[in-house]
Amino acid sequence: MAVTEIRETIETSVGLDSNGLGIVQKRINLQSGSRHQIFQMDMFQDAIPETDSDNLIIEWFVTPYPVIYSTMKLTPLRNSRGPMAGDDKVLMKSIWTSYDLTKYGTFTDFPNQFLGAQPTFSFYTPALYVTGLVHGASGASVTNLAFSFYVACDNKKASLVSYGLGVLRERSIAQGINLMSQGRTIPPSGNVGQVFPMWKYGGMRPERMLRGNALADFFLPYSSTDSEKMLSTGNVRGYLSRGRTMQPFDTAFGSFDAVKGDIPDWVRFDLNPGLVAGPIRPQQPPRKLADNGNTLMF
C-alpha cells in the first residue's frame with residue numbers, strides 16, 4: 001500500500017464581486033494511471049481573515065475537478081453556493097462561518113472528523129483541486145486568508161480500462177448543476193397509505209386460509225419420486241392466478257373461489273418457475289446437417 005501524504009497551504013487575498021462572491025483555488029497533481037482512495041483529510045485555519053464584510057462565509061471543497069458554483073442560495077442573502085456535500089464529485093466539504101476580528105470561525109465538515117480519519121472515497125483523476133468560495137458583502141475585500149490542508153491517499157495501479165472509465169465518469173459528473181430540485185413533498189394529510197396500506201385502515205390485515213378437507217383443496221411440494229396423488233399443473237396454476245388477485249386495502253390478499261374456497265396469496269411462494277411462467281411453448285425440433293451441408297432426415 002503506497003500512501004501519499006500531501007500538505008498544502010493557501011494564503012492570499014481575494015476581492016468579492018458585485019454578488020459578494022470570491023473564488024480561491026489550488027491544484028495538486030497526483031500519479032497518473034492509478035486508483036486513489038482517500039485515507040484521511042484535515043484542514044486548519046492559520047489566521048483570522050480581515051474583511052469589511054459582515055457575516056463572512058467560506059465554502060471549502062476538495063474535488064478531482066474544479067468546482068463550478070451554482071445559482072442556488074447559501075443563505076437568504078448569499079447566492080452562488082457550491083455543490084452539495086453528497087455530490088459524487090465532492091471528496092470533502094467544509095463551511096466556515098461566524099468570523100469577527102477577535103476569534104476563529106466555526107466550521108462543519110463532510111465527512112466529519114470521525115469518518116475523515118478512515119478510508120472513504122476513491123477516484124481516478126490524477127489531480128486534486130482545493131477550492132474556496134468566499135461569500136460576503138458586494139465588492140468587499142478579504143485579506144489574510146490562510147488555511148492549511150492535509151490529505152493522505154492510497155495509490156494503486158489501475159488497469160487501462162478501469163482507469164479510462166473512471167476518469168471518463170468523473171469528468172462527466174464534474175459538470176456544474178445550476179439549479180437542483182430533488183425529492184417530493186408529501187402533505188401530512190396524504191401520508192397515510194403511502195407505503196403500508198394498513199396505515200389507512202388500521203389494525204391487522206385479515207388473512208385467508210386454505211381448506212384442508214379434500215385433496216383437491218391444497219397441494220404439497222412432494223418430490224418427483226413420491227407416489228402421492230398431486231394436483232395437475234393446470235389446477236396449480238389456477239390457484240396461483242387466484243392468489244395474485246388484486247384486493248382493496250382493507251381486505252385480505254388472495255381471493256375467494258366458489259369451488260376451492262379461500263385462496264391466500266402465499267400459495268405462490270417458492271414455486272417451481274415452470275409453474276409460475278405458464279405452460280412450455282412448443283419448439284421446432286433442431287435441424288441436423290451432414291458434413292456436406294445437406295439436412296439429415298429422420
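Helices and strands here are DSSP runs, a helix having at least four residues and a strand at least two. Counted that way, the protein comes to three helices and 12 strands. Welcome to this structure, which is a predicted model. The points below go from the overall picture to the cores, and then to the charged residues.

**The overall picture**

- The protein has 298 residues, and buried residues make up 35% of them.
- Take the contacts between residues at least 6 apart in sequence: 74% of them join residues at least 24 apart.

**The nonpolar cores**

- In soluble globular proteins, nonpolar side chains tend to be buried together.
- In this model, the largest nonpolar core has 28 residues. W60, L128, V134, L145 and F147 are the ones with the most contacts inside this core.
- Leaving aside residues up to four places away in sequence, L145 touches I10, E11, T12, V14, V24, P49, I58 and V134.
- Another core, of six residues, lies apart from the largest one, and V236, I263, V267 and L271 are among its members.

**Salt bridges**

- The count of salt bridges comes to six. Three of them are described here, one at a time.
- E8 pairs with K26 in a salt bridge whose closest N and O atoms are 2.9 Å apart. Because E8 lies in strand β1 and K26 in strand β2, this pair ties together parts that are 18 residues apart in sequence.
- E8 counts as partly exposed, at 23% relative accessibility, and K26 also counts as partly exposed, at 30%.
- K93 and E59 meet through their side chains in a salt bridge, at 3.5 Å from N to O. K93 belongs to strand β6 and E59 to strand β5, so the two tie together parts that are 34 residues apart in sequence.
- Both K93 and E59 are buried.
- D262 and R208 also meet in a side-chain salt bridge, at 3.1 Å from N to O. D262 lies in strand β12 (residues 261-263), while R208 lies in the loop between α1 (160-173) and α2 (233-243), so this pair ties together parts that are 54 residues apart in sequence.
- D262 is partly exposed, with a relative accessible area of 26%, whereas R208 is buried, with a relative accessible area of 16%. The cut-off for buried is under 20%, which is why the 16% of R208 puts this residue in the buried group.

**A buried charge without a salt bridge**

- E170 has its place in helix α1.
- E170 is buried yet has no salt bridge. The nearest side chain of opposite charge belongs to R169, 5.5 Å away. A salt bridge requires the nitrogen and the carboxyl oxygen to be within 4 Å.
- What does E170 touch, not counting residues up to four places away in sequence? The residues are P64, Y65, F123, Y124 and T125.

Conventions:
Residues are numbered from 1 along each chain as its sequence is written. This is a predicted model: local features need pLDDT of at least 70, side-chain atom pairs count only at pLDDT 80 or more; totals for chains, interfaces and linings use all residues. Side-chain values use heavy atoms; hydrogens and water are left out. A nonpolar core is a set of buried Ala, Val, Leu, Ile, Met, Phe, Trp, Tyr and Cys residues joined through side-chain atoms within 4.5 Å. Buried means under 20% relative accessible area, exposed over 50%, partly exposed in between (1.4 Å probe, protein chains only). Contact means heavy atoms within 4.5 Å. Lys and Arg count as positive and Asp and Glu as negative; His and the chain ends are not counted.
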